[in-house]
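This briefing is meant to be read beside the sequence and the coordinates shown below. It begins with the chain as a whole and then turns to its core, its helices and a few individual residues.

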Amino acid sequence: MEHRPSYQRIVRQMTQELVDNSLFHAMLQVTETGEVVGWITSGLDGARNRSGRLGIVIKQEHWRRGYAQEAVEGLLDYAFDNLGYHRMGLNVYAGNTRAIKLYEKIGFKEEGRIREVLYCNGLWEDSIEMGMLKKEWKVIRQTKTNLGTIS
């Protein structure tokens with residue numbers, strides 16, 4: 001006989017996951033001026049697995065000023081140290097080479113590719129899945145601390 005969880009148990013589990021789903025949204029502001037330069041968000045794919053997703057947008061006029069790196073590194077610290085995340089993942093379109101280089105610089109690793117998932121300007125574009133484990137981030141942070149280069 002096949003074991004099936006009861007409807008009530010499934011609803012209870014889903015409800016608990018919604019309660020446990022540590023959703024985080026933040027506007028990114030320049031400290032000195034209060035100007036909003038973008039936003040960053042993260043949420044768990046599932047509370048049980050402690051695997052988060054990351055999204056970030058920086059207004060184009062504020063690109064190449066270090067805001068994205070500072071925000072992503074701060075979110076990784078917060079997610080791994082305070083929210084109990086085990087892993088952080090993200091998707092980036094293959095044509096967004098600037099973002100890919102930034103994520104690689106921070107320490108994210110390419111984990112896979114979804115081929116031709118976005119149709120933009122008459123062309124199909126791939127999406128790249130990237131990820132970072134808590135243990136990898138701890139090593140990166142410790143190295144930066146030892147070198148005195150924490151951003």
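**Overview**

Of the 151 residues in the chain, 34% count as buried, in what is a predicted model. The secondary structure comes to 4 helices and 6 strands, which follow the pattern α-β-β-β-α-β-α-β-β-α when read along the sequence. Among the contacts in the chain with a separation of 6 or more, 52% are between residues 24 or more positions apart.

**The nonpolar core**

- The largest nonpolar core has 29 residues, of which Ile56, Val72, Leu76, Tyr103 and Phe108 touch the most other members.
- At least two residues of this core are supplied by each of strand E2 (36-46), E3, H2, E4, H3 and E6, and H2 gives the most, with 7 residues.
- Once its neighbours within four places in sequence are left aside, Ile56 is in contact with Leu28, Trp39, Ile40, Ala68, Ala71, Val72 and Tyr103.

**Helix H2**

- The 15 residues of H2 should span 21 Å at 1.5 Å a residue, and this agrees with the end C-alpha atoms of H2, which are 21 Å apart.
- The buried residues in H2 are Ala68, Gln69, Ala71, Val72, Glu73, Leu75, Leu76, Ala79 and Phe80, and of these Val72 and Leu76 are also among the core residues that touch the most other members.

**Helix H3**

- In helix H3 (residues 97-106), the buried residues are Ala99, Ile100, Leu102, Tyr103 and Ile106.
- An α-helix has 3.6 residues a turn, so residues three or four places apart point the same way.
- Lys101 and Lys105, by contrast, are exposed on the other side of H3.
- The cover over the buried residues of H3 includes strand E3 (51-58), helix H2 (67-81), strand E4 (87-93), E6 and helix H4 (134-147).
- Gly107, which follows H3, has a positive phi, near 130°.

**Aromatic pairs**

- The count of aromatic pairs comes to 2.
- One of them joins Tyr103 and Phe108 in an edge-to-face arrangement, with 5.8 Å from centre to centre and 70° between the planes; both Tyr103 and Phe108 are buried.
- The rings of Tyr119 and Trp124 form a tilted pair, because their planes are at 55°, and their centres are 4.8 Å apart.

**Glu129 and its polar contacts**

- Glu129 is found in strand E6 (residues 123-133) and, with a relative accessible area of 17%, is buried.
- The side chain of Glu129 is joined to that of Arg53 by a polar contact of 2.7 Å, and to the side chain of Asn91 by another of 3.0 Å.

**Gly55 in strand E3**

- Gly55 is found in strand E3, where its relative accessible area of 19% places this residue under the 20% cut-off, so that Gly55 counts as buried.
- Leaving aside neighbours within four places in sequence, Gly55 is in contact with Trp39, Ile40 and Thr41.
- Between Gly55 and Trp39, which are 16 residues apart along the chain, the C-alpha separation is 8.4 Å.

**Gln29 in strand E1**

- Gln29 lies in strand E1 (residues 24-29) and, not counting residues up to four places away in sequence, touches Gly34, Glu35 and Val36.
- A polar atom of the Gln29 side chain lies 2.9 Å from the backbone oxygen of Gly34.
- Gln29 and Tyr67 are 38 residues apart in sequence, and their C-alpha atoms are 9.0 Å apart in space.

How values were computed: Residues numbered from 1 in each chain as written. Predicted model: local features only at pLDDT ≥ 70, side-chain atom pairs only at ≥ 80, totals over all residues. Heavy atoms only, no water. Buried < 20%, exposed > 50% of the residue type's maximum accessible area, 1.4 Å probe, protein only. Polar contact = N/O pair within 3.5 Å; in protein donor to acceptor, adjacent residues only side chain to side chain. Phe/Tyr/Trp six-rings, centres within 6.5 Å; stacked < 30°, edge-to-face > 60°. Contact = heavy atoms within 4.5 Å. Expected span 1.5 Å × (residues − 1). Core = buried A, V, L, I, M, F, W, Y, C linked by side-chain atoms within 4.5 Å.
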